[in-house]
Amino acid sequence: MKLSITKQAECSPAASSATAPLYVLKFGSSVLRTAADLPIVAGEIYRQRRAGRRIVAVVSALAGDTDRLLAQAAGVTGPVDCAGIPDLVSLGEERTAALLRLACDRIGLPAEICRPEELRLRTTGDALSAHPSHLEAEALTAKLAATGLVIVPGFVGIGDAGERTLLGRGGSDFSAIFIGGELEAECVRLYKDVDGVFDSDPARHADARRFAEISWDDALRIARPLIQPQSVEYAAAKGLPIEVVAIGSDRPTRVAASTGATEEVEPSRPLRVSIAGFGTVGQALVQRLGNEPRFEIAAILARDPHRARAVPAPVPLTTDLHAFLDTPTDIIVDVLSCEETGALLCGAALPEGVHIVSASKRVISAGHAMLAAAAAKGGAKLLYSAAVGGAAPVLETVARARALGQVREVAGVLNGTVNFILDHLAQGLAFDAALDAARAAGFAEEDSTADLSGADAAAKIRLVAHQAFGIDPQALDVATEPLDAEAVARIVASGERWVQIASVDPDGARVSLQPARAIEGLPTTPSEWNAAVVTLEDGRRFHCLGRGAGGAATAEAIVADLFEIVPASAASSPQALALAC
């Protein structure tokens, strides 16, 4: 078996072939107020990537940066405009792009930056208020083919002499819309601090009504402060629809040819989330949800509430399972290391209509049929993206491929812990030192038996088999090869880098250790990353890549599942869960 997994082509974290829809997403200073907003923006990009879309993310400077840079320029030049001002001011957008790339990498989302001189968005007119004329897109399209996600500093163009220019106030909107028009993107989405276009300012008028669709002409009249007018005029001339939306929302206002009726926006309360487990992943999840207004943490179950932790708990920790279950909640997130408790929580909550988001591949794999039946009984959702692949959306990629044809095989690197250890063995570390390094990095639990025996990867490939072939995970036998003393000795003696590969086809499933040279096109990314290839019977392949271990990556997959629950949740409070367990 040869895998074709590479960071440099069709791989991150959802299939990124030329046929995947292209979305241009613009994030302005209203949603990028400070560096603390970067994880939220990275999370929104992750949601779009795991849906199988190629993304060009256009960013503004953080709030206030442009004004500060202009003031600094004025302090040097005085009242005279200087041709060099765009060189200084554009640093705000470049800084944001670099920070966003770091935020994406942290959660396992590979990205490239396309800087102004590479982007070559050509402009005419005044250097501080230039107008786009055409896009020389070769560098952008090459980077897009490499990773499926390109970050572009907005607001900046290139003049006739190769000098930097600025597109005027609101110019990042124009950058995004112009790029979308030139690339014939399926969607250009502008993220704002309001969820769409309203007939009046919703911050001032409680009865403001939202447009589901509004014409370009009406948008120029009504939404002038919200969208740069020149960009709307360009979109109208190009016949290019625009979407205006808030981060996390899936109900944008569409700016296109006609205006529809307005709709009343019902106020909704945040969804209450109870977190079972407050270790590495639980703390990362609490930190990630800190600035998400759509969710509030209702309860946290912890084995040892007095243990020193890097992230403070926003609610009192409890060790009492009954008290945890009695807390009124909408969603329980299972990030426990104890499978017995996790299974109990899932089995108790689902029939009562409480949604479950689980990172426990063993709980879901061992009890999938029972838990699915319990979810159906309670009308609840059972989501477990984080249980397979961490930030690599393996299950979503398999589902997308299966919708297009019959699956022949799924194969990949599905255990970040083992492959981290194998990578460090190849670097000359002793096994115990490599395992200690994995624990220190937060990629391995204190008891790593499930990882080293192959049981962890086996549980994951069972869930993949269910998604690919409809097989009951509990009924699937998986042949596993452990990373034991004998295997370690063989690997060290070979002097090569090895990997753990999990695969499944209609004839069976296996977890094996193989020399990396036997695997075609292994990713050059850090070894805790996961990757998978889905091959259809007609030969088409779908790839995904992402961090498979670590708190931030796993938490991001959980948050994406949480957002899948938001549209299905009623505004009214569900019945409180009160069970005797």
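View 1. Phe155 is buried, its relative accessible area being 9% (buried means under 20%, exposed over 50%, partly exposed in between, with a 1.4 Å probe and protein chains only). The model is predicted: local features need pLDDT of at least 70, side-chain atom pairs count only at pLDDT 80 or more, and totals for chains, interfaces and linings use all residues. Numbering runs from 1 along each chain as its sequence is written, and side-chain values use heavy atoms, without hydrogens or water. Phe155 lies in the loop between strand S6 (149–153) and strand S7 (156–158) (helices, H or I of at least four residues, and strands, E of at least two, are DSSP runs numbered from the N terminus). Its phi is positive, near 80 degrees. Most residues other than glycine have a negative phi.

**View 2. Glu184, an exposed loop residue.** Glu184 occupies the loop between helix H7 (171–183) and strand S9 (187–192). With 71% relative accessibility, Glu184 is exposed; its phi, near 55 degrees, is also positive.

**View 3. The open six-stranded sheet.** The strand order is S22-S24-S23-S21-S25-S26, with mixed pairing (two strands pair if DSSP finds at least two bridges between them). Strand S22 (478–480) and strand S26 (541–547) are the edges; each has a single partner strand, so one side of each lacks a neighbour in the sheet. Strand S21 (residues 407–413) and strand S25 (residues 529–536) are antiparallel, joined over six bridges, and Gly412 stands opposite Ala532 in S25.

**View 4. Ala369 in helix H14.** Ala369 belongs to helix H14 (residues 368–378) and is partly exposed, at 45% relative accessible area. Ala369 and Asp472 are 103 residues apart in sequence, yet their C-alpha atoms are 7.1 Å apart.
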